[in-house]
Structures are given as C-alpha cells and as structure tokens.
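Hi,

Here's the structure I promised to pass on. Have a look at it first, and my notes on the helices and sheets follow below.

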Amino acid sequence: MVELVDVTKDYGQADQPVGVHVLKGISLKIEPGQSVVIVGPSGCGKSTLLNIIGALDHPTSGRVLFDGRDLAGLNDRELARIRNREIGFVFQLHHLLPQCTVLENVLIPTLAGVDNSSPKAAHERAEQLLERVGLADRMVHRPGELSGGQRQRVAVARALINRPKLLLADEPTGSLDEEASNDVAELLVGLNRDEGVTLIVVTHSQKLAQRIGHVMELRGGTLNDGAQA
Amino acid sequence: MSFWRLVTQSLWFYRRTNLAVLLAVMVAIAVLTGALVVGDSVQYTLRRTVEARLGQTEYAVIPQDRFFRAALADDLQKQLDRMVAPVLQVTGIITNADGSTRVNRVDVLGVDERFYRLGPGASVPAPNGDETVTLGAPVADRLAVSVGDEIVLRVEKPGLMPRDVPLASDADRTAAFRLKVQALADDEAFGRFDLKANQAAPLNVFVPLAWLGEMVEHPGQANILLAAAGEEEASVDQVNAALQRCWRLADAGLELRPLARPDVLELRSGRIFIDQTLADAALKVDADATGILTYFVNQIALGDKVTPYSMVAAINPNGTSLIPRNMSADQIVINQWLADDLGAKVGDSLELTYYLVGLKRNLVERTDSFTVAGIVPLSGAAIDPNLTPDFPGLANVDNCRDWEAGIPIDLDKIRTKDETYWDDYRGTPKAFITLEAGQALWGNRFGNLTAVRCPWREGLTERITTRLTGDIDPATVGLFFQPVRQRGLAAGREGTDFGQLFLGLSMFLIASALILTGLLFVFGVESRSEQVGTLLAVGLPSKRVGRILLAEGGLVALAGTIVGVAAGLVYTRLMVYGLSTLWRRAVAGTQIDFFAKPVTLSIGGLLGLLASLFAIWITLRKKVKRPARELLGGDLEARYSRKAAWSRGRWGLAVGIVSIAGAVALVAFMGGGSGQDVAGVFFGAGSLLLIGALALCQALLRIVGGGWNKPLVSLSGLGLRNSTRRSGRSLAIIGLLACGVFLVVSVQIFRQGPVSDPERRDSGTGGFAFYGELSVAVLHDLNTEKGRVALGLNSSDLDGASAVQLRVRAGDDASCLNLNRAQQPRLLGVETKELSRRGAFTFVKTTKSENEQGWNLLKADLGQGVVPAVGDKNTLEWALGKNIGDELEYKDEAGRAFSLRIVGMIASSILQGSLVIDEAHFVARFPSEAGYSAFLVDAPGAETQEVGRTLTSGLRDFGLVLTPAAQRLAAFSAVENTYLSIFTVLGGLGLILGCIGLGLIVLRNMLERRGELAMLRAVGFSRQRLGIMVFYEHWGLVLSGLICGVVAAAIAVIPAVQSPGGQIPYFSLLLTVVAIGVSGGFWVWIAAALALRGELLDALRNE
C-alpha cells in the first residue's frame, strides 16, 4: 500500500554549512491492513517520516509510492485529493474547530471539494463514526464541551469520514491522560482490526506501541524493524 | 519588581504592538482635535474679517437711499466724544481704460481722512486727488490694473427724490469719469470696508467725499455715518439719543423757509413729497399750519377747449382765502387766466386729466370732473409760484419746451400763451381743489403733502425747528445707528460652525480609529494570553492584572494623545490648506487663517484620551476575566453555549430594534425641522442606525454561532460559521466598514448633480433662462414695448421673452456663499402673480397643510407689522436656521420694526440668499427703494442666447450681470458639492481605516489559526479552497458592513433629500457601493493570500 524507497530528508540551517540529515535512506513497505508503530527519541524525525508518508511533505530524495503511484509525480491538487480520499490524519493537537459542533467537525473533510457524494450520505457516515467512537450523545456539542479524550476521538472520526485506506496518527495520545489514552488506543486498534484500515502511528508511548503491535524504531535517521516497545 | 516597572518593561518589550496602538490613538485624536481646530480657524477668520471690514467702527447709519449733511458727523463727534466719519456711497460700474474689462456693482465710497482713521490699520493714507481713485484690491485684481493706470468709473447719480416718485425724471442718472488709480487699498488700508455681514471681499472703490458729492449732485452730503468705539462705552440707544440731539431738518431733506408773499413760513422737502410722519408732526407744531399738495396735470378741459400742462394745488379751505371754506371735494376754483383760456364760468364742469405713476413706471391717465366753484383773479395770493414744489426737470427750466418730467409731454400742445404764462408766473397753479380731494387723487407712498405753511410770526422758525427735530425720531427718515460690530461678531459666531460640521462627520472616522485602537490593543493582549494566565495563576487578582494592562494601554494612549494633538495641528493645516485651494468654494474663496486655541487642543486631547481609554478598557475587561487555565492552554477553548448565545443574542436584538426604532422615530418626527435640526437628525439617526445595525449583527453572529443545529453542507456555510468565532472582531470589521460606507454613501446621496431639466418650472431655476442683477435699478417694465424703448432696448429682439422684475432691499447674503449667519437677509419684492401664474419653483413646505396656495401666501394678511415671506430651503434652513412660521425682525425705511414671517419654503433654487416678499409690502416698507435691481428672464428656447445678448448689451450702462439660471443654480450646488468633497475625504479616510482594520483582522485570524488551516490542508483542502473559505468568511463581513452603512445612510438622509428638488444620483451611488464592495473583497483577498502563503503544514510540524 505504501512503499518508501531510500527516502532521505535534510533540513538546511542558516548558521551551519551542512544541513541536518533527518532521514537517511529509509526504505519501508507497508501492506494493506497492516498496523505499524514508529517510535524513537524526540527530534529523531518520526513526524517528518509520517508527514512524508501522508503526502504532507516531500522527501529530499528517494521515492514514496502510494498504491503504486509515485507521489513525486503528483501536483498539489492531486496530493490534496489523496490526502482527502485515501488518507486519514490524527494529530497530537486535534485541531477541532471550536465554532462547529462535533458532528460538523467530523464532516469538515467532506467540504474539501474533491468528492461529489451526497451530503446526506456523509452525514449518516459521520453519525455512524461518532457512534463507533462512543460519542453518539455528543454530536451537537461543541469541542469546548468535551474532554481531551473525547476530542481526540472526534479527530479520529474526522480522519475516517472519507473511508481512507490509511490512517496516520501522530502522537494521538500525547496530550491525554492515561484513561483517555487507553480509550484512543483501543479505538485505533479496533479500527485496524475491524475495518481493515492500515494504521501507522508515531508515538512516544510505549503502552500505545505495545497495543498496536508491529514496532519500528527511528534512530539516527534510520528505521530499524522489530524494536522493543 | 514593582507595578510600574512591570508596566514600563512590558511597554518596551511589546513596543511594536504598542506602537500600532499608539498610531491608532494618534489618528483618533488628530481627527478629533483637527476638526475642533478647523472650527477655531474659521471662527478666527470670520472675527478677523469683521475687524477688516469695520475697523474700529462700532455703530453705523446704514444707507437708506436718503442723504444727510456730511457735517452731521462733526456735530455727532462733539456730542459723542468719539470719531464719527461720513461716507457717501453710490453704486457704480468700473472698466479699465480701454473698456475691455468691466466690474459691475461696485460700491463707490466717497470718504475723507476720518474714514481711514476708523480703519483697522494705524496709518492714514494720503488723501486722494480729485481725479484719482483708490481701488479695493479685489476690484484692481478683476480689472488687472495697478497704481498709475486709468479707469472709467460710471456712478449712479441718486436724486434727492426717489426715482419712483411721480413726475420724477427718468432721464439717465449716471455719470462717467476717467480717473487715475492713485493707490490700492488692502485690508490694512480699510479696503475691505463693508457694513454687510459677509466674509467675501467687497468690490470697493474709494474717491474723495467732497468730489463725489459734487459729481453726483449731493454736495456736502453723505448717506453713511460710522461711529467708532469711544473710550467710554456707549450703547446704541445712547448714540441714537446723541443723533436725536444733533440732527437738523436738512438731514431729512427738509427746508424751512420764510416767504414774503404770502407772509408765511413754508416747510418743503427735497424729496417733493413730505414723509407722512414729518408732515403730520409739522401740522401739529402750529395750530395755523396748513398742508398743500400741488400736482402736475396733463390738461384741464371744458368741452373741447383744452389748457395743457398746468399745476393744480390742493389746499386746506381753512388756511387760505383762495377757495371758499365750504368748498366740496368735487368743486374747483380756477384763476382768471384759466377761465379766460377755457371760457369757463362758475358752475361749469371741468375735466382734469393727469397721470398716476404705477409700478414699473406704468402711467395711468385718469380724468376727474370738477365743478367750478369760483374764479380768482390772477393777483395777490393767487400768484404764488412757490405753491409748486421743485419738480426736477420742471421747476428750473426757462421754457416749457425744456420740461423733462418723468411723464410724456407733447410739446406740440404747448401754445405761446402757455410759454408766456410760464415766463410770467412760473409754477403758479391755475386751479385749486380741496386738500382732501387732492390727497385722494395724488397722495402716494412717498407722502401726501408737498408743503406745510404757517403764517409768519417772530421766532416761529426756531420754534418749529426745535419742535420738529425734538419731536420727530430721526429714525423715521432712516437716520439711526445700528450696532454693526456687535452684529458682525454675532454673525460670525452664529454662522456656519465648521468645527461642529467637521466634528459631526469626523465622528464616524474617530469611531473607526477607536475601534482600530481597541482591536490592536486586544490583539496585543491576546498574544500575551499565556502571560496573563501566568499572572493569574501565580495569584494576582484579575483586577490587578487588568490594571497592569490598562496602565500599559493608558500610557500608550497618553503618548498617542500627545502625538495625536501634534498630528491634529498638521491635519488642520492640511484641511485649512484644502479650504484655501482645492475646496475654496466651500468658504466662498475666503482665505482661512490657521488658528488653534490651547483650550481647544486640551479639550480635543482629553476627549480623545478618554475615548481611547474607554476603547481599551472595553476590549480588555473580558480578557482578564477568563480563567487562567484557559489562558494558559491557548485560545482553543472558545465557549459555545446555545442557551448563552440566544440569551446574549436577545440582548443584541433588543438593542438593535430599540436603536433602529429610535432612529426611524427621529427621522419621522423630527425630520421636518430646520437645517440644523435636519443635520442633527442625520447624525443622531445615523449613529442610532449604525449602533442598531451592529447590535443586530452581533445578535446574528451569536445566534448563528451558538444556535446552529443543522450541520454544515457548504464551504460558504463554514465561512459563515468561522466568522461567528470571534464575534468581536467580526463586529469590528462590520463597524469599521459601516462607518466609512455610511459617510461616503451619505455624501453621495447629498451630492447634487447638474439640473437635469432647467426649463421645468418646478426645478430650481423656476424655469427661467436667466437671472439678472443690475448696478443701477431699472424703473421701467421690461415686458412692455414702452418700457423696453425707455430702457433703450430693441423690443423686437426680445420677442417671446418676458421678465419677472424684483425690487431689492440690500442686506446680508443668506446663501451658502456666506459663512456668517445672515442677520438681516437681502429682501426681494416681487409681483406675486407673476411667479404664481408661472407656477415657478417648488414649494417644499408652507404654513398651510396644502401647498395649493404657493406664492399667493405672500399676499396673506398676517396682521399689523407682520409681512409674509418665502425663502429658499438652503437659505432658511442653513443660512438663517429658520423654519416655517418663524419670524425675523426688520426695520423699515422709517426705522419702524416689523416682522417677516416665513410662510413658505421653496426647494433649492436660484433665489438662494434672499427672502422674497410681495412687492406691495416691499414698497410700503421701503418706498425709497426705487426700481428693480434684479430680474428673472423667460426666453423661448431657440432665442435664449439672442435674448441674453440683447439684454446684456442694451442694459450695459445699468451694469447688468446676466447669468444663465442653470449656471447660477450650479454655482450654489458647487458650494454644497465642495463641502461634500471634504466629507468624501473624511469618508475615504474612514474607509482606509476600515480596510486597515479589515486586513489586520484577516491576517490575525489566519495567523492564529494556522494550525487549524494546516489541518484543513492535511485533510485535503487545496490552497485555493482554503482561500475561498477565508474569502467567504471575511467578505461576508465586508458585505454586512456595506449593507449596514448603506441602509443607515439611506434612512438617515431621508429628511434631507425628501424635497422634490432633491435628486438622488442612483447610478453613481451604485457604482460607489460596488466599488467599496469590490475593494473590500480585494483587501480580503490580499490579506488571505498573505496569510496562506508559505508552508501552512509547517504549523503541524512545529507541534
């Protein structure tokens, strides 16, 4: 489903003649329905790697293939379409729109203008997702009226609204307490298990890593399989 | 660390934000103080103008078409112990040496060194030589002449008797002189002398008093007296009391002379007819006093026998032996010469044919029959040529054939015997009727006696003189001082209040700047939310935190105030410069002097500071009330509650509805007031409407933001929802733009386009083709062939043309060209039926509920001492501050007070600047005002130019200035439109502030929501799609501001434009609104593009 071939990422720095090499020739292949956790110390490039996988960022070199298509050959609009239709994102900060209800927040990706499906169907899907994440009774609430864990579950539902094949989660429990973290972890695992959504999670949390299973460690710009969570 | 240390360190640390706040405060204060100082400057200029035009003059006798002894000034000076200067003023026309340039309606002033001593300057210029002239600077400029050049001055020679008096000669009464320019008189040299309250420089020409007196046949006379302020204060009553003590009969044109045969003392007037008041007083002085009225008749006939051109005296039977005591009014006594000529005997019926002079010198020949009651021999008392007054053109000629009376005389009818009679007996009357009968036939508005006689006794002359000058108020002959300085100062004080005007229209600009101040300040505070949260978290009470921030804001506001006051002075200088150049029409070309009172600056600064502090406090107070947890956790926890939203929304709804209802009530119930009221309604209703509209918008934002139950289905819906997120900011955008739009749109609505159809009777031109003004009044009827011929016009060239002639009583210009509040506006006397018949002009308001009476209202009988008047809307509402039913106090020619009651108001018109009264009222109040100095001309469309040319060339020597009516109207509109241009600039500044605010808010919204935008990018929103969302979000607010501003302006201006004359320029209005909308969209787009550029996704990465 996703294949990274010898991907590197450098960041130039104004005060240094040589840039920082964040990713050094990473190759990775993830099959549909697989779930992967990427762990590593702070600043090792986990989020960068996730953003490159999610077509949010471009590698310095190497290729990123999504369903066999090289992302480098796609324009901004096509990348946006892939992000909207094929990929779901869950961020550490949920970025819910405080002025919109929970239900509306889930529907936000449908307004990106890349899909002409009926709003009614999207509405039903959003309700189902909220039911799935245990927020059926909070649909008309505002984010400000929810707990941190509930907000992150809304963010998960939002990520799934367009039935993505791939769900990317960047520190999804980073700002949650233990109980809420467990809920979110359970949700992600359940989605992967029950709906076959390919899942890539970047986290510090060992507990989360253990629950998801296949752990890879990013250290020194290289990705090592089978790291101990 | 102390309170103030924390404050000052924060001030410096956040200097960029604080600088932005300071600049916004500066703008508010600069505009506020600037508006006030503009008012100061205009007031100062008007005060300076009073000094320039009056010098040290405190009181003045204003010319009344009467003349008195110049020596009266000497007598008064002794009485009053203050400088009194005589001036002889006549109207003139001046041309340069080759006649290529002409200036009409100049004031030719005969002055001596006393006049200059009263001037504003310390020095007295060298006296003029007899053949030289000193020109006021404006005249010299217009003629483009300088010292040493020659000019030709044509002056009106005013007769002693009014030119409308029956039998007064209508021969050319002007004289022309070629003079050398000796000097040019600037303000310092009293060149601006003017008794009328007008800031526009007068067209003055100065010549020596004695020389002018000789030239216009009024030697040793004057018609103006100027009295200086003395060391001791004297009231106008005291000055007039002194005048009462000094005046002599000669000052009223009266002469008391003893006659040897018969042995009587006779009082007669240089004006031929003795004023009624004087005659009444004279008859009361002595029990034996008797009145005489002698008239010139065309013929006396008995059957087919005719004696031409004779004098007939009407005398009191009790005071003479010439007629029997019991003679009735239809009887006549003739002398033997006439009896012989006609072959008449006692009992015969004679027919007397004579002319009566009507309006416009229309002669009406009348004939009356009298029965011969007696025949007196032509001897003794019957030979009395003194019975005939000195009719000019009749009395002092050797032969009858040289008569030049103001009536047609057929010289062929004069026989040799008539010449012989004239040679032997001069004006000795040939017939006598009773005084009662004579007064019934020949009495007129100038008087009904030509002489009063008393039997001669020793000391009678002194007794009569003393009694007459003591008993008669000299005011009855126009001799009374008026407090011209006091009036002038009042006129300036009460005139157009530019400070208020600028302040009124600047209020919306100031409001915009204050909104911007609040916005910028709150942005600064918001960027320091975590810091505020920390202060709260470490235990500082929220009030103390609030005080720290308020102190910081206060210091910024104080600094902004200081800079703002200085900027206000620069702003004022720019405005004053604009008023002196680009917008000079708004002040009628007056050079406005910059003048700032310290107290004004203090008031402006203080008010601005308080307003800025209020704006800061109002935005700050909610911020520090938020819990520390929220502040520390960023700003994502916006609290939304449908219940609270509805509750707060209801408040907004209530405020909105009440404000709008208040505004509508204001417009409906108070919109019909005077100009000041209408302006008050405009500003009041405008403010209420804007407040109401903003309150409604706030309610809408809250309700939409809090009570939205249906999920989003579109990007525009998301944009709308986003705009509810920061309702304060959204309201700020709406408010900023609404203020600017309100101003610009109001100004556009007020702006007057050219008259679309000037030929229409209901337009501001009245359907007339021309408006003419004359330096020398015409006496004849421009509508009759006879009148045209008398004026030297070729009647055939005027076929199809007609004129409405206007009598003019000089007064203050009450048009928009005068910045002063006119105290006694110029009066126009019109034959009502002429305007009524044409249905000219449009009545906006009348005293009647129906307008059907129109001009006929001028004929209404309003009781003793009240004269109905009609005025132009601008004249009444703005220049005079009067409305229907209001009254203005005037004094007639005889010094008697009367009231003008406003009975009608016509829409903006070419009659602006004057009040119109019926001609009959005019001549009754001002009988000496001879002829017509202005007229309105109707001309058939195709012949308009030809008629204009004919009149201009034919009436050249009358100093005609003929202006196309549409052009005159456009000139008035140009003044208003210049004002509107100034206000457009203010509106434009408001819009600039609006756009700055809009851009800042869009940028701010976008920058603080970069994470959110990045998320949207992450979930598949393209950059373009995001741009559209941002556009929807903010352009909706722009649109709301536009709608609020336009609707508020449209309602607020209703009272001002509801007159039929008002034409709303819909097309340009639409263009303006569209342009503002497009401009708003452009700025949103720019700000959005700036905010969305760069890698938005970095915002996610930086987490």
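A word on handedness before we start: a crossing is called left-handed if the near helix is turned anticlockwise from the far one by less than a right angle, and right-handed if clockwise. Bear in mind that this is a predicted model, so local features need pLDDT of at least 70 and side-chain atom pairs count only at pLDDT 80 or more, while totals for chains, interfaces and linings use all residues. Residues are numbered from 1 along each chain as its sequence is written, and chains are lettered from A and ligands numbered from 1 in the order in which they are written.

**Helix pair in chain B**

α8(B) passes α12(B) in a right-handed crossing. Helix α8 covers residues 276-285 and helix α12 residues 460-471, and they pack at an angle of about 135° with their axes 10 Å apart. That makes α8(B) oblique to α12(B) (under 35 degrees would be roughly parallel, over 145 roughly antiparallel, 65 to 115 roughly perpendicular, and the rest is oblique). Axes are lines fitted to C-alpha atoms, for helices over the stretch in contact, and angles run from 0 to 180 degrees between N-to-C directions. Helices (H or I, at least four residues) and strands (E, at least two) are DSSP runs, numbered from the N terminus.

On the α8(B) side, B:A281, B:A282 and B:V285 meet B:I464, B:R467, B:L468 and B:D471 of α12(B), where contact means C-beta atoms, placed from the backbone, within 7 Å.

**Strand β4 of chain B**

Eight of the ten residues in β4(B) (102-111) are buried, so this strand is largely enclosed by the rest of the structure. Buried here means 20 or more other C-beta atoms within 10 Å of the residue's own, again placed from the backbone. Seven bridges join β4(B) to β3(B) (84-96), running antiparallel, with B:G92 partnered by B:V106. Five bridges join β4(B) to β8(B) (204-208), this time parallel, and B:L109 has B:F206 as its bridge partner. The β3(B)-β4(B) hairpin has five residues between the strands, and B:G99 takes a positive phi near 75° there.

**A sheet in chain A**

Six strands form an open, mixed sheet in the order β6-β7-β8-β3-β9-β10; strands pair if DSSP finds at least two bridges between them. β6(A) (87-90) and β10(A) (222-225) stand at the edges with a single partner strand each, so one side of each is left without a neighbour in the sheet. β6(A) pairs with β7(A) (166-170) in the parallel sense over four bridges, and A:G88 stands opposite A:L167.

Cheers

Methods
Contact = placed C-beta atoms within 7 Å. Buried ≥ 20, exposed ≤ 12 C-beta atoms within 10 Å, placed from the backbone.
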